[in-house]
Amino acid sequence: MVHKVKSLYNSERFLKIIFGASLFVVLCMGGLAYKYIKDLSESFTLVQHTYEVHIEIEELLSLLKDAESGKRGYIISKDSTFLAPLLTVRPEIDARLIRLKKLTKDNPKQLKNIGELEVKIEKSLNIFDKTLLLAETNHIDSPEFISSFKEGRRIMNSARFQVYEMIAHENELLSLRKEKSTESLSDAPLLVYYVLILSLALLLLTYAQISKNLKVLKVKNEQLETFKESSTQSEIVSKHGNWVWHIKDDTFEYSDNLYRLLGVAPQSFAPTLENFLSYVHPEDIDKLKEQVERMMNEEDLPFIYYRIIQKNGNVRHFKAYGKVLVDSEGDKRLLGTTADITDEIENYRLLEEQNLELERNNKELASFNYVASHDLQEPLRKIQTFLSRLEDKELASLSSNGKLYIERIKTSASRMRSLIDDLLQYSRSNKSDQVLEESDMNVLLETAKQDLAEIIQEKKAKISSEPIPVMQVIPFQIKQLFMNLISNSLKYSREDIRPLITITYKKSKANKIPKLKSSKYKYYHTITFEDNGIGFDQEYSEKIFVLFNRLHSKSEYSGTGIGLSICKKIVDNHNGYIIAEGNQDKGATFTVYLPFK
Amino acid sequence: MQDDYTHVVLADDDEDDRLFFIEAFEELKMKTKVETYKDGVALMDALLQEDTPIPNILFLDLNMPKKSGLECLKEIKANAKFKDIAIAIYSTSASEEDIENTFVNGANVYIKKPNDFNNLKKVLSDVVTINWQYHTSGLNRDNFLLRL
C-alpha cells in the first residue's frame, strides 16, 4: 500500500517532468519555425529586389535602344514622327536612374556601375542631339556627322556592355543568395520532422504513464471502497465509531455508526463537539471537556473513558482513542475511534463478582478444614494424655482385658491423630499467597530424608538419588512432596525385601509425553521415584491420588488416604503433573513433571 | 534467679491442661513454684498488681477467651517491668502463621502441647532448665519451635 502510494507520487513527478519537456520542445519548434519563415521571406525579398533591378536596367537599355532606332529612322526617312521617342526619353531615363540608385543604394559596386552608365547615357544623348542637328541641316555626308555617328554607336555599345555587366552582377548576387537560402532551408524540414517525432514520443510516454496511473488509481479506489464497506461493517459488529477532527479548520466528521452508538439515526445532527457533548453523562462531562481541551492542545488523545446517555435513557460506557495523521499536503487530522464497552464492563463486573464469591467460598472451605482439624486435635490430645496417665498410674490395677482395651483405644487415637495431621497438611497445601522461590531441590530432598530418618533406619531402606537442578518452587511444599512420596514407598514396602528407592532426574520435552501434549510449557523437569515395594494394579493409577482413597485395608497398612492427594495438590500448585505406574508385587513408580519457568 | 526456686506461670483456659501442667511439675520434683490463670485477663490483672512477684517463665496458651495469648505477649513485651520474663508459647496448633506471629512479637520458645504425659514432663523440664540468656542470643526461626 505504502509502496504503491509512493510510486504514484513518483509518477506524478515524472509526469510533471515530461510536461515541462514537452512544453520546452513546443517552444523550440515555434522559435525554429519563426526563424525559417523569416529567412524565407527575406530571401524572397532579395530575389524580388534583384528582379526589380534587372527590369529597371533592361528598361533603361530598351529606352536607349528606342532612342537610337528613332534617330536612325529619322536620319534615313527624314520623317519627324521618328523623333517622338527622343522627346520623352530624357525625363524617363532620369526617373529610371533615380529608381535604380534607390534600389541599389546598399550595393556600392552597382552604384558605381550606375554612375558610369549615367555618364555614358548622358554622353550618348548629347551625341544624339549633335547628330540630329547635323542631320536636320543635311550634313549627313559631312565627316563631322560620320564621326559623331560612329562615336554614338561606340558609346551606345559601351553602355550596353555596362548594362550586361550590371545584369551579370545582379544575377551573380541572386544565385549567391539563392544558394545561401537553400543551404539554410534544406535542414529545416528534417529538423522540424525530428522535433515532431520527439514531441510525439513524449506525448505517447505521457499517455502511457497517465493511463497506468489511472489503472492504479482505479484499483486503489476499489480497494478503498471495499475497505470502507468492511470498516463500516466492523464498526457495527465491534460497536465502535470513527471520527475525524480537522485541526486546521476545527471541524468534525462522524461515522454513521457513531450516531448509532448514541442511539440516533446516522448523520441526524451536525457533527459538532457541542452536539456530541449533549449526550455525555453529566457526571463525566467536566472530565471529558478537560480531556478534549487537552487533546486540542496536544493534538493527541490517549485512551479516555466516559459515559453517555442515549435518548431512551440508557447509560452506555464509551472508550475513545485518537492519533494525529499528517497527509501529503501537510494538513493535520486527528483520527479517533470511540467504542461502546458497556458489555465488556458488565461482563467484567459479573466476572469480578463471581470471582469474589469463589474466593469467599474457597476461603470458607479452607478455614472450615483448618478449624475442623485444629479443633479436633484438642480433645484427641486430651484423650491421649489421659490414656498415658492411665497407663502410668493405673495399669497395674487393670485386668488383661482392660489392658487390651486401653491398647485398642491408643491405636485408634493415634490413627485419628495421623488423619487430623494429614488433613491439616492438606488444607495447608493451598496455593494462594505462596511465593515461588529459587530453591535447591537437593537440599529439600535431604531435609525430607532427615525428617524421615527414624522410619528409614527402622526399615533399613536405601535411597539413592541423582542431582536435581535449582527450580522455582514453594520450598516447604516440595519438601512435603518428597517426604510423602518417600514415606509412601516405605509404607508399602514388601516385608521380605529391603526397601530400595531410586530417585532420577531428567529434562523432558512436553510434546514427547502423552499427558503433557496440550500443556503450555515446552520443557518439564522430570523427577522419578521408583521403589521395589508391593506396587499396585495399573487400573488404580488415577484413583490413588483421590482424597481418602485407599487400596488396602487399615489393618494391613497404616495409610490415611491423604498423603498422595497432598502430593497431587502440591504438584498442581506448581502447574505440574504427577503420574503413578504400578506393577503388582514388583514396585511402583511416581513421576513428577514440573514446568521450566 | 534471685530465689532458689523457679517461678513458673501458665495462662490457659483449658482446665485439663492446667491440671496436666501442675501434675507434671509435681512429678518432676524440681524447685519450682507453679501458678496458673484461667485466661489472659486474669493473668494480666495479676501481673500488673504491685505486690505480685514477677515470674521467671511464663507459659502462654494462644487461644483464650477475653484476651488471647498473642495480646498478652504484646502487652508484656511493651512493658519494661517484664523484660526479664522468658515467654514460652504453649499451644495445641503449630501453624506457620502462629509461629511466625509470636516469634516476631518476641516470644522465646514455641511448644506444641504434647499428647503424651511423659513427653509433657520432658518438655517442661527442658524449658525450665534452658539457659535463657544463651538460648535467647542464638534464637532464630528454626530453633524457636521446640521439637521433641
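Helices here are DSSP runs of H or I with at least four residues, strands are E runs of at least two, and both are numbered from the N terminus. With that in hand, chain B of this predicted model has seven helices and five strands. Chain A brings an open sheet of five strands, and the two chains touch through eleven residues of chain A and nine of chain B.

**Where the chains meet**
- On the chain A side, eleven residues are in contact with nine residues of chain B.
- Helix α9 of chain A, spanning residues 342–394, gives the most to that side, with ten residues.

**Chain B**
- Going along the sequence, the elements of chain B come as β-α-β-α-β-α-β-α-β-α-α-α.
- Chain B has 148 residues, and 34% of them are buried.
- Take the contacts in chain B with a separation of 6 or more: 71% of them are between residues 24 or more positions apart.

**The sheet in chain A**
- The strand order in this open sheet of chain A is β2-β1-β5-β4-β3, with antiparallel pairing.
- At the edges sit β2 (251–254) and β3 (301–309) of chain A, each pairing on one side only.
- From one strand to the next, the twist averages 25°.
- Strands β1 (residues 240–246) and β5 (residues 332–340) of chain A run antiparallel and are joined by seven bridges.

Conventions
Residues numbered from 1 in each chain as written. Chains lettered and ligands numbered in written order. Predicted model: local features only at pLDDT ≥ 70, side-chain atom pairs only at ≥ 80, totals over all residues. Contact = placed C-beta atoms within 7 Å. Buried ≥ 20, exposed ≤ 12 C-beta atoms within 10 Å, placed from the backbone. Pairing = 2+ DSSP bridges. Axes fitted to C-alpha atoms, helices over the stretch in contact; angles between N-to-C directions.
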